[in-house]
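The sequence and the model come first.

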Amino acid sequence: MGGKRDASPSEKFQYTKENTIDTQRIIEAKIVLLGDSGVGKSSIAQRYCKNSFNENYDVTIGGAYMQQTLNIENTVVKLHIWDTGGSDRFRSLVSMYYRDAVAAIICYDLTNERTFQSVSYWANEMQEKANQDKFVISIVGNKSDTEKEEWQITDEMVEDFKTKQNLAEDTILEKTSAKTGEGVRELFYKIAKQIVAQSAE
Ligand SMILES: Nc1nc2c(ncn2[C@@H]2O[C@H](COP(=O)(O)OP(=O)(O)O)[C@@H](O)[C@H]2O)c(=O)[nH]1
Ligand SMILES: [Mg+2]
């Protein structure tokens, strides 16, 4: 291999074809991560964007930004992922982060029921957005690598919540582990797929 060689006309044509991007669509989408502190929002973003995990808990102050690009058929989806932080007192500030978002990942910790209670607060906020515009909502139980005996939230509880909360049928319900990576790529893929589908409507 290596070295220059003359390309035949057909090879030249192929080369041009491969480098043509006019058949591809590019979508830029802002996603916001919401939920109580300690549930693993920063860890999910870090796992997805950097494929790494940190056992230490570094409290996120304000918001943090990361990006990741993925392909869905012939669409390039560039995800701008905004991770939010801060205590309950700063909930109103978080609205700055989701103002122009097209999707939200509302996270809870599978081993901590209290964090699941906060999901309804964020779901209400996001449903209000969804009423005004196309918006993808996902509800994610993180820390799925922990022992099942430690889980305080069952699938049934999540399904019940979806019904009682009147969430859209296509609301994404996932379990993830930022620690092992389980479910993380699937989660973002599902969200991106819905974003692509909605943008084609
Ligand atoms: N076992 C386990 N621990 C996790 C997971 N995700 C995050 N953590 C830990 O939980 C703590 C809080 O995580 P962090 O991402 O900072 O939460 P945030 O406040 O929601 O951003 C850290 O000590 C993480 O190492 C996970 O999937 N499994
Ligand atoms: Mg954080």
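## Strands S5 and S6

Gly141 stands opposite Lys175 in S6. S5 and S6 run parallel and are joined by five bridges; strands pair if DSSP finds at least two bridges between them. Helices (H or I, at least four residues) and strands (E, at least two) are DSSP runs, numbered from the N terminus. From S5 the chain passes through helix H6 (residues 155–164) to S6, a right-handed β-α-β crossover: with the strands pointing away from the viewer, the path from the first strand over the helix to the second runs clockwise.

## Basis of the model

This is a predicted model, in which local features need pLDDT of at least 70 and side-chain atom pairs count only at pLDDT 80 or more, while totals for chains, interfaces and linings use all residues. Residues are numbered from 1 along each chain as its sequence is written, and chains are lettered from A and ligands numbered from 1 in the order in which they are written.

## Around ligand 1

The shell around ligand 1 divides into three nonpolar, eleven polar and five charged residues. Gly40, Lys41, Ser42, Ser43 and Lys179 come nearest of the 19 residues around ligand 1 (near: C-beta atom, placed from the backbone, within 6 Å). Helix H2 (residues 41–50) gives the most to this shell, three residues.

## Contacts of Ala104

Not counting residues up to four places away in sequence, Ala104 touches Val32, Leu34, Tyr98, Met126 and Ile137; contact puts the C-beta atoms, placed from the backbone, within 7 Å.

Technical notes. Nonpolar A, V, L, I, M, F, W, Y, C, P; charged D, E, K, R; others polar. Contact = placed C-beta atoms within 7 Å.
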